[in-house]
Amino acid sequence: MPARHSRPSRRGVLAALTALPLTGALGACGGGGGASAAGGRRANGVTTLTFWSALRGSREVVDAFNRTHDHIQVDFEQVPSGNHGGYAKLSNAARAGNAPDVATIEYPQVPGFAIDGVARDLTPLLGDGLRAKLLPQALGLTTFEKRTYSVPLDVEPMVLHYRADLFETYGFEVPATWDEFAELARKVPGRGEGRRAAVFPTDGAMHFAAWAWQAGAQWFDTSGGAWNVSLADAPTRRVAAYWQRLIDEDLVHVNAVESRLFDAQIGNGLVLTRFSGAWEAGAQMNARPGQKGRWRIAPLPQWDPDRPVVGTHGGSTFAVTKDSRHPEAAMEFIEWQVSHPDALKARLSSGASSQYPAASALVAVGRAAFDRDYYGGQDVYALFDDEARKIRDGWMWGPRMTATSKVMQDAFARAGGGSGTVLSAVRAAQDGTMPDLKALGLATTQHTT
């Protein structure tokens, strides 16, 4: 079927990722540019781009860009968040050849959209100036075999949120190591009915990934020209055994964190700590204003305090799609979004936020806008700044993290009910991942399960 823009086969995209041949294409008939294509247009010297995002504040960012740019204008569409919302819409649009010029993609989904031929290889468009502005660990998460497929907006080191008032009441010390956290967890029961140190999140595949990442795990890599999968490697088994002990000893709650139950646990002081990316400091302020002054933030507990590292939890990037007719203009818009102070100020005008910018020069903008009173005057951005530089290099997300996460979380929920373990959930996720990768035509290997 003829098309105005040929979509690259997965052979070409995979060559960029793993240098292995691969057959097939995403939407064999999916060319770019029908009459309603989202691939941008140019009239009277003005290039109009289309931009889809689920991020709060995107409308304000686009309005600020359009006010200050005459040669590029952006049409914005707010899309639902999550796998069955914006990502499904983006995939369907790409199959029809009508993807927007620019789309927001979270880090774990970048490899999949690259392999599917949705996200354009930005390597030729990514100038040295922009590269120099971005935290290397953030850019590394969107770069595969020296080819970059999206540009980071924020990067979110995992940190420890804790109830400072309850810690003071009970004389608890903030744990600096995971051994100290386990000691804390053993002290909390008995300090109030139903009170525990933390929740093991049954919907927390991304939490567990951050813990495994910190411990030295490498779930995916592309060495040797194949996707090598090792979700139950030795560091991951260590993390799984750690949390299994806390579960078996009834030292943590075991339930979903995207739930009314968790909201009640936090609201009633039944959970003393939370683990999340830096972004959740602002989310906590918005969701629970009545707990102002009760929370503080600390570095994530370490396995080896002499060699501190962390993983990330959350964060978004911007991709230029293959359907874009004006990729250079799209990159100009992206660079402004991720690196210009006015862009972050516009985003922050939509409400309190604690996102940690991937462009280090913008940290001062975020810090200046953040109301420290909620956290008792704590300079949380100074902490985030330190933690972001501890993000361990080399982590790679898999090609189908949505499916991998679902299998893992379903098994976490069963383990929480006494059927299986944390480790069996991780192994189930690997078993569930392999058919998806093979269905894509990817060369694969499995290790250490």
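**View 1. Thr-321 in the loop between β15 and α13.** Thr-321 sits in the loop that links β15 (316-320) to α13 (327-339), where helices (H or I, at least four residues) and strands (E, at least two) are DSSP runs numbered from the N terminus. The model is a predicted one, in which local features need pLDDT of at least 70 and side-chain atom pairs count only at pLDDT 80 or more, while totals for chains, interfaces and linings use all residues. Residues are numbered from 1 along each chain as its sequence is written, and side-chain values use heavy atoms, with hydrogens and water left out. Thr-321 is buried, with a relative accessible area of 2%; buried stands for under 20% relative accessible area, exposed for over 50%, and partly exposed for what lies in between (1.4 Å probe, protein chains only). Not counting residues up to four places away in sequence, Thr-321 touches Leu-90, Ala-99, Pro-100, Asp-101, Val-118 and Arg-120, a contact being heavy atoms within 4.5 Å.

**View 2. The open sheet of β13, β8 and β14.** Three strands make up an open sheet with the order β13-β8-β14 and antiparallel pairing, two strands being paired if DSSP finds at least two bridges between them. The edge strands are β13 (273-277) and β14, each of which pairs on one side only. From one strand to the next, the twist averages 30°. Five bridges join β8 to β13. Helix α12 packs on the sheet, where α12 touches β8, β13 and β14, and the direction of α12 makes about 125° with that of β13; axes are lines fitted to C-alpha atoms, for helices over the stretch in contact, and angles run from 0 to 180 degrees between N-to-C directions.

**View 3. Leu-160 in strand β8.** Leu-160 belongs to strand β8 and is buried, with a relative accessible area of 0%. Its bridge partner in β13 is Phe-275. Leu-160 and Arg-274 are 114 residues apart along the chain, yet their C-alpha atoms are separated by 6.0 Å. Leaving aside neighbours within four places in sequence, the contacts of Leu-160 include Val-174, Pro-175, Phe-275, Ile-297 and Pro-301.

**View 4. The buried side of helix α16.** In helix α16 (residues 380-388), the buried residues are Val-380, Tyr-381, Leu-383, Phe-384, Glu-387 and Ala-388. They cover an arc of only 155° around the axis, which puts them on the same side of α16; the arc is that of the directions from the helix axis to the C-beta atoms. These buried residues pack against α6 (136-140), β8 (158-163), α12 (280-287), β14 (295-299) and α15 (363-369).

**View 5. Helix α17 and its packing partners.** The buried residues of α17 are Met-401, Thr-404, Ser-405, Met-408, Ala-411, Phe-412 and Ala-415. They cover an arc of only 135° around the axis, so they lie on the same side of α17. The buried residues of α17 pack against β9 (199-201), α9 (205-215), β10 (220-221) and α18 (422-439). After α17 comes Gly-418, whose phi is positive, near 95°.

**View 6. Phe-208 and the largest nonpolar core.** Of the 140 residues in the largest nonpolar core, Phe-181, Phe-208, Trp-219, Trp-243 and Phe-275 touch the most other members; such a core is a set of buried Ala, Val, Leu, Ile, Met, Phe, Trp, Tyr and Cys residues joined through side-chain atoms within 4.5 Å. The largest share of this core, eight residues, comes from α9. Not counting residues up to four places away in sequence, Phe-208 touches residues including Trp-219, Met-408, Phe-412 and Val-426.
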